[in-house]
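Please read the following report alongside the sequence and the coordinates. It covers overall dimensions, cores, aromatic pairs and a few individual residues.

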Amino acid sequence: MTQAGTSAPTLALVGATGAVGSVMIDILNERSAWPWGEVRLIASPRSAGKRIRVRGEELTVQALAPEVFDGVAVAMFDVPDEVSAHWAPIAAARGAIVVDNSGAFRMDPDVPLVVAEVNRDQIAEPPRGIIANPNCTTLSMMAALGALHGAFTLRELVVASYQAASGAGQSGVDQLYAELAAVAGKQVGVRGGDVREALAAAGLSVSDSLFGAPLVLNVIPAAGSYKQDGWFSEELKVRNESRKILGIPDLKVSATCVRVPVITTHSLAVHAVFAEPVTVAAAHEILSAQPSIVLVDDPAQGRYPMPADTVGADPTYVGRVRQALDFPNTLDFFVCGDNLRKGAALNTYEIAEALAG
C-alpha cells in the first residue's frame with residue numbers, strides 16, 4: 001500500500017494474522033486520520049501470501065525476514081515473547097522504531113513502557129529503538145489510575161482482575177467455546193464432578209486443557225504461569241508494570257488475577273489509596289473529563305460497567321466509584337476494557353500514530 005508522491009512514513013505490522021493483529025487491521029481500517037505512506041503486513045512463513053484488505057487495498061502478507069524492515073519507520077509487533085525478543089532488535093537495527101505488544105521488553109530499564117493517556121512523552125528517542133505495550137490487564141485500569149494519580153497521588157493499589165479467555169490467546173477462546181458446547185442443554189454444576197464429567201463425555205480432557213481446570217461455569221483463581229511464594233505471573237505483571245508506567249517505584253501493589261468464562265473484555269475491581277483526600281464527586285469530574293474513559297456509574301438504576309457492554313469498544317468503562325467505608329483517602333471502583341482492542345491493539349497503534357506525528 002503506497003501513496004505516490006508522498007514522503008509519509010512506512011508502517012509494518014508483525015503478526016498481522018494473529019488474534020490481536022486482526023483487531024489491529026480493524027483499527028487501521030477505521031481510523032479517520034492516516035499518516036502512513038505504506039503499510040506492510042508481516043507474519044510467519046506459513047501465513048505468507050495471504051491477502052488482507054487494508055483501507056480498500058488487498059495487501060499480501062510477507063514472511064518475517066530482516067529485509068522486510070528496510071525503510072520502515074514504525075513496526076508494531078503482535079507476536080509471542082520469544083519472537084519479539086529475537087526480531088524486535090533486528091527491526092530496530094534496520095531503522096524502525098518498534099512498538100512491541102509482547103512481554104519481552106516491558107521491564108527492560110532501557111525500554112519505555114507506555115500507555116498513551118498516561119506517559120506518552122516517553123516515546124521520544126527510546127534508547128533501544130523499542131517501546132513496550134503493557135499487559136492487557138494492567139493497561140485496562142491505567143487511564144483511570146493515571147488521571148486520579150495526577151490529582152490525588154496514588155500510594156497503594158489492591159486489584160482483583162476477572163480476565164477473559166481471549167487473554168490466553170485464540171486457544172483460550174477455542175477451549176471456552178468447546179466447553180460451552182459440551183455443557184449446553186445439560187444439568188451440570190449441581191455437584192462438583194458434573195462439569196468435568198460433561199467435558200470428559202465430549203472428549204475434552206481437563207488435565208490437558210490450557211487453564212488446567214474447567215472454565216465454563218467456573219472461575220479459576222490463577223492467570224499466567226505459577227512463579228513462587230503463591231504468586232502467578234499475571235499478578236506480578238500488574239505490580240511491576242503499574243509501578244513503571246505511573247513512575248512510582250515504591251507503589252504498594254497486591255493483585256489477585258482470576259480467569260472467568262468471558263470470551264473478551266477484562267474486568268478489574270480496584271482499591272486505590274491516595275496521599276490526598278478524595279471524594280466520589282471529584283473522581284467523577286476527573287474521570288468524566290478523560291476522552292478515553294466512559295463513566296457508567298448509577299448502580300441504583302443497574303448501570304455499571306460489564307464486559308457484555310464493553311467488548312469491541314475503544315474506551316475504558318469505569319463505574320461503582322465509591323469511597324471505602326473504613327479506609328481514608330481511598331476509592332473503590334470497577335473497570336472494564338476490551339483486552340484485545342483497548343488492552344493491546346489500540347494502545348500499540350496510538351503509540352505508532354504518535355510516532356508518525
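The sections below go from the whole chain to single residues.

## Basis of the values

This is a predicted model, in which local features need pLDDT of at least 70, side-chain atom pairs count only at pLDDT 80 or more, and totals for chains, interfaces and linings use all residues. Residues are numbered from 1 along each chain as its sequence is written, and side-chain values use heavy atoms, with hydrogens and water left out.

## Overall dimensions

The chain has ten helices and 14 strands; helices (H or I, at least four residues) and strands (E, at least two) are DSSP runs, numbered from the N terminus. Its radius of gyration is 21 Å, close to the 21 Å that the globule rule gives for 357 residues, so the chain is as compact as a globular protein of that length. The radius is taken over C-alpha atoms, and the globule rule is 2.2 Å times the number of residues to the power 0.38. Along the principal axes, the C-alpha atoms fill a box of roughly 60 × 55 × 40 Å.

Of the 357 residues, 51% count as buried. Buried means under 20% relative accessible area, exposed means over 50%, and partly exposed lies in between (1.4 Å probe, protein chains only). The chain exposes about 15400 Å², of which carbon and sulfur atoms supply 52%; accessible areas come from the Shrake-Rupley method with a 1.4 Å probe, and for residues only the protein chains shown count as cover. Among contacts (heavy atoms within 4.5 Å) between residues at least 6 apart in sequence, 68% join residues at least 24 apart.

## Nonpolar cores

A nonpolar core is a set of buried Ala, Val, Leu, Ile, Met, Phe, Trp, Tyr and Cys residues joined through side-chain atoms within 4.5 Å. The largest has 56 residues, and those with the most contacts inside it are Phe69, Phe77, Met141, Leu145, Leu148, Val270 and Phe333. Helix α4 (residues 136–152) supplies the largest share of this core, nine residues. Another core lies apart from it and has 31 residues, among them Val23, Met24, Trp34 and Ile131.

Leaving aside residues up to four places away in sequence, Leu148 touches Thr153, Phe274, Ala283, Ile286, Leu287, Leu331 and Phe333. With the same exclusion of residues up to four places away, Ile351 touches Val99, Val114, Ile123, Ile131 and Asn133. Ile351 is found in helix α10 (residues 341–356) and is buried at 2% relative accessibility. The C-alpha atoms of Ile351 and Phe105 are 246 residues apart along the chain and separated by 16 Å.

## Aromatic pairs

Rings of Phe, Tyr and Trp (its six-membered ring) pair if their centres lie within 6.5 Å; planes under 30 degrees apart count as stacked, over 60 as edge-to-face and the rest as tilted. By this rule the count comes to five aromatic pairs. Tyr162 and Phe334 form a tilted one, at 6.4 Å centre to centre and 35 degrees between the planes. Tyr162 lies in strand β9 (residues 154–163) and Phe334 in strand β14 (residues 330–337), so the pair ties together parts that are 172 residues apart in sequence. Tyr162 is partly exposed at 31% relative accessible area, and Phe334 is also partly exposed, at 21%.

Tyr226 and Phe232 form an edge-to-face pair, 5.3 Å centre to centre with 75 degrees between the planes. Tyr226 counts as partly exposed at 49% relative accessibility.

## His266

His266 lies in strand β11 (residues 266–274) and is buried at 0% relative accessibility. Its side chain reaches the backbone nitrogen of Ala164 at 2.9 Å.

Ser209 is found in the loop between α6 and α7 and is buried, with a relative accessible area of 17%. The side chains of Ser209 and Gln175 make a polar contact (3.5 Å). A polar contact is a pair of N or O atoms within 3.5 Å; within protein, one must be able to donate a hydrogen and the other to accept it, and residues adjacent in sequence count only if both atoms are side-chain atoms. Ser209 and Ser171 are 38 residues apart in sequence and 9.6 Å apart in space, C-alpha to C-alpha.

Leu217 lies in the loop between α6 (194–201) and α7 (233–246). Leu217 has a positive phi of about 55 degrees although it is not a glycine, and it is exposed at 56% relative accessible area. Glu125, in the loop between α3 (116–119) and β8 (130–132), has a positive phi near 50 degrees and is not a glycine. At 76% relative accessibility, Glu125 counts as exposed.
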